[in-house]
Each structure stands twice: as C-alpha cells, then as structure tokens.
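These are my notebook entries on a structure that is new to me. I set down what I looked up, in the order in which I looked.

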Amino acid sequence: MQFSQIANRIFKESITNYHHLDRVDQELKNPYQAGDIAHLLYRKNWIDTVQWHFEDLIRDPEIDPVAALELKRKIDASNQERTDLVEYIDSYFLQKYQSVEIKEDATINTESPAWAIDRLSILALKIYHMKEEAERTDASDDHRKSCQDKLNILLEQRKDLSTAIDQLLADIEQGNKYMKVYKQMKMYNDEELNPVLRGQK
C-alpha cells in the first residue's frame, strides 16, 4: 500500500472520530502505538481538526472579547504543536532513509515530505466539511451544486497531491532526491525573540 493511502485512511479515521462528539475540548485517544508513524499521522490530523473548529469559533461575531483572547492563545499553542508534529514526521523520514546512497545528480524538493503531508491532512478536512455542505438538506440546490463542484476539485487535488507525495518518497528512497530539513524557527512564542514577551521579563 502506498504511503498516501495509509495517511488518507488515518486522516479520515481521525476526522470521523473527532466528529462523534464534535467538541474542541474532548480528549485525544490515539488508537496507534507511540513511536509508530501512524501514531504521528493520527495526532497531526487531530490537532488540525481541533484547530479547524477553533477557527470557526473565533469568527463568531458575538464572541466575548475575553473568550476570543483565550481562544487566540489556544490557536497559537495549536500552531506550535502542529509545527512540532511536522518536524517529528520529517525526523521519521530522515531516520528511515539515512542509509540511502544519494546520487551525484540528486536534487532537493521545494518542501519536505512532512510539509506535503501537512497539506494532505488539511485537504482531508476541507473534503469532509465540503461534503457536509454538498449534502445539506436545509441548503438551496444552488448551494449544494456549488459545494459539490468544489468538492470534486478538492478530490482531484487530493489525488494529485497523494501521487506527488508517493513519488517524492520513492525518489528519496532511490537516491534521486535528498532531504534537507530546516527548523521553522518560529519567533512569536520565544521570550528572547518576541519584543513584547522580552519586555515583560
């Protein structure tokens, strides 16, 4: 089975499990063993799914300003956790392919495997929610048709991105491409790099 098939199946499982309760404060119960790539993929998508719903909540025009500030901080923390998970996934691939002999004419990709997988996880969420809209019984025919058209494009995009990820991993495994991972070096949560936080020390 191709890696993208495994990832897409796990993302769908995570999204479905989240929507059993559909609450941002529910506990993450990862069904996969820690240390396994499936565990990382499930946790990554769960974070994305919770954050998707955080973003819905913060756009409520009637939201209390204090609650909005608290939610914004949760979104910032979620973004940091999401970035950390991407780097963990890339570390998995770096270790997996550490013994590959890189060819002299090997090239580097524009993004690492994990950042492409990050896009695939977000795409799974777009597909789930666009499908919901396309099937809404309380919406107009025009709305459902418009959403179905968008859903068809998203499904095609997932197919293309899945193919590209599998090809990238095959190229890395064969030494045709090599991985070079840069840490994200986010500055806004660092007391030494964010001038506002630094001024409060």
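How many residues does helix H3 have, and what distance does it reach from its first C-alpha to its last? I found 32 residues, numbers 65-96, and a reach of 47 Å, close to the 46 Å expected at 1.5 Å a residue. The expected span is 1.5 Å times one less than the number of residues. Helices (H or I, at least four residues) and strands (E, at least two) are DSSP runs, numbered from the N terminus.

I noted the ground rules next. The model is predicted, so local features need pLDDT of at least 70 and side-chain atom pairs count only at pLDDT 80 or more, while totals for chains, interfaces and linings use all residues. Residues are numbered from 1 along each chain as its sequence is written, and side-chain values use heavy atoms, with hydrogens and water left out.

**Entry: the start of H3.** I looked up the N-terminal end of H3 and found Asp 64 as its cap. A side-chain oxygen of Asp 64 lies 3.0 Å from the backbone nitrogen of Val 66.

**Entry: salt bridges.** I searched the whole structure for salt bridges (a side-chain nitrogen of Lys or Arg within 4 Å of a carboxyl oxygen of Asp or Glu) and recorded 15. Side chains of opposite charge can pair when their charged atoms come close.

I examined Arg 43 and Glu 81, whose side chains meet at 3.1 Å, N to O. For exposure I used relative accessible area: buried is under 20%, exposed over 50%, partly exposed in between (1.4 Å probe, protein chains only). Arg 43 is partly exposed at 26%, and Glu 81 is partly exposed at 32%.

I then turned to Lys 44 and Asp 118, which form a salt bridge at 2.7 Å, N to O. Because Lys 44 lies in helix H2 and Asp 118 in helix H4 (residues 113-134), the pair ties together parts that are 74 residues apart in sequence. Lys 44 is buried, with a relative accessible area of 1%, and Asp 118 counts as buried at 4%.

I also looked within helix H5 (residues 141-173), where Arg 144 and Asp 141 lie 3 residues apart, about one turn of the helix. The closest N and O atoms of their salt bridge are 2.3 Å apart. Arg 144 is partly exposed at 23%, whereas Asp 141 is exposed at 56%. Elsewhere, salt bridges that share partners join Lys 44, Asp 48, Arg 82 and Asp 118 into one network.

**Entry: Ser 4.** Is Ser 4 buried or exposed? I found Ser 4 buried, with a relative accessible area of 4%; its place is in helix H1 (residues 3-21). Not counting residues up to four places away in sequence, Ser 4 touches Ser 162 and Asp 166, where contact means heavy atoms within 4.5 Å. The side chains of Ser 4 and Asp 166 also make a polar contact at 2.6 Å. A polar contact is a pair of N or O atoms within 3.5 Å; within protein, one must be able to donate a hydrogen and the other to accept it, and residues adjacent in sequence count only if both atoms are side-chain atoms.

**Entry: His 129.** I placed His 129 in helix H4 and found this residue buried, at 12% relative accessibility. Beyond residues up to four places away in sequence, His 129 touches His 19, Trp 52 and His 53.
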